[in-house]
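Reader: I have a chain on my screen and would like to talk it through with you. Could you take me around, one question at a time?

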Amino acid sequence: MSLFRSGLPALLGVLLLGACQSEAPSEAENSEEETPPVPVETSAPVRGDVYAMYTGTAPIEAYAEADVIAKVAGEVRELLVEEGDEVSTGQILARLDGERLRLELNESEAKLRKLQRDYERNIDLKAKGLISDGDFEKIKYEMEALEAAFNLASLELDYTQIRAPIDGVVAERLVKLGNTISEGDALFKVTSLDPLVAYLHVPEREYRHIEPGQPVGIEIDALADETIVAAVSRVSPIIDPQTGTFKITVEIVDKERRIKPGMFGRIGVIYDVHEDALQIPRSAIIEDRGTASVFVIDGDRAIRRPVSTGYSNRGMVEITTGVQDGEQVVTVGQASLKQDSRVTVINRDGNTALAAGANEAGDTQQESDDAPAD
């Protein structure tokens, strides 16, 4: 028994020492298993004007276009213009063989002159009472009929000179020298390039936003990254019940003649602007059950913060509440983040490059069919 009593304290000491030794590795293990920082990329908000706009696509068309039709038959004797030539209203484009019509005109003129002399003699005879009123009226009507025939023959002879009906450019020449054409044949197509127009069919929900005179930006692939400035010239007063859209006419003035009818344009009608708006990249926005939020960097931690958004386009979103100037928002890597997660910022190009891209958002616009994010 005395041996047991003397050995008990020593046994307890061994057990306690073993427990301490077993606890020490556990704490080390926990520190080693602590979650490492999440690598992220960030961007600082930028400021610039942001536009609300309706966007759509439409082909560019000529404001006026006319087919030049032969009004008399004949052989093409002269071609005075070619495709691409500018012409004005009334300018002669081609001439037909008018020999037969010229002879008919001469014959009509000779008959008219003879009857005019007879009419003048009958005036004297009537004054002397030597001719009845009926005979005098008859010769008068005959003379008027011959005058009409002479004028018609003169007009048909003039029709052998093919003239431009509008100012514009010869878009197509459909006839060759020496062709014999019939009345009604198409000879040329003349297109007016000043102005050009685009017809955009807009959903009826946008009717209250669109008005004549609003500025329009047009991008055309053939003109690289240049934006053409135009304007809304007309808004249709009716809604098409079949499509639920209304038509607007966009008028384009291109004095340099770089835009051609048939080109395809991406059109944006600007109807509102927020000046000097705070904006962040769209990639920073997290949508969850109808609410928007972002992760903001606070030291080495990421803090999730709800935000209110406004107009957006071209990769940038207007922030009305939730983010301040100078703060850093996470743009890449937020899918791996939780509230208060540790982060490591690894911007590859730095905020300067991100901000430079966002400066283009000074021209940021919103497609009206994308409602502002809440």
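Reader: What does the accessible surface of the chain come to, and what share of this surface belongs to carbon and sulfur atoms?

Author: Happy to start there, with a word on the source: this is a predicted model, where local features need pLDDT of at least 70, side-chain atom pairs count only at pLDDT 80 or more, and totals for chains, interfaces and linings use all residues. Residues are numbered from 1 along each chain as its sequence is written, and side-chain values use heavy atoms, leaving out hydrogens and water. Areas come from the Shrake-Rupley method with a 1.4 Å probe, and for residues only the protein chains shown count as cover. The surface comes to about 21,900 Å², and the carbon and sulfur share is 50%.

Reader: What is the mean pLDDT of the chain?

Author: pLDDT is the predictor's confidence in each residue, from 0 to 100. In this chain, 82% of the residues reach 70 or more, and the mean is 82. Over residues 1-6 the pLDDT is below 50, and this stretch has zero contacts (heavy atoms within 4.5 Å) beyond near neighbours in sequence.

Reader: How many helices and strands does the chain have?

Author: Both are DSSP runs numbered from the N terminus: helices are H or I with at least four residues, strands are E with at least two. By that count, the chain has four helices and 20 strands.

Reader: In the open sheet of four strands, which strands stand at the edges?

Author: The strand order in this sheet is β6-β5-β3-β8, with antiparallel pairing; two strands pair if DSSP finds at least two bridges between them. Inside the sheet, β3 (residues 74-79) and β5 (residues 92-96) are joined by three bridges, and Glu 78 has Arg 95 in β5 as its bridge partner. A strand with a single partner has one side left without a neighbour in the sheet, so the edges are β6 (161-163) and β8 (180-181).

Reader: Are the planes of the Tyr 207 and Phe 246 rings stacked or edge-to-face?

Author: Rings of Phe, Tyr and Trp (its six-membered ring) pair if their centres lie within 6.5 Å; planes under 30 degrees apart are stacked, over 60 edge-to-face, and the rest tilted. The count by this rule is one aromatic pair. Its centres are 4.6 Å apart and its planes at 70 degrees, so Tyr 207 and Phe 246 are edge-to-face.

Reader: Which parts does this pair tie together?

Author: Phe 246 is buried at 0% relative accessible area, while Tyr 207 is partly exposed at 33% (buried is under 20%, exposed over 50%, partly exposed in between, with a 1.4 Å probe and protein chains only). The two residues are 39 apart in sequence, so the parts tied together are the loop between β9 (186-203) and β10 (215-220), with Tyr 207, and strand β12, with Phe 246.

Reader: How many Å apart in space are Gly 262 and Pro 59?

Author: Gly 262 lies in the loop between β12 (245-252) and β13 (264-281), and counts as exposed at 57% relative accessibility. Gly 262 and Pro 59 are 203 residues apart in sequence, yet from C-alpha to C-alpha the distance is 5.7 Å.
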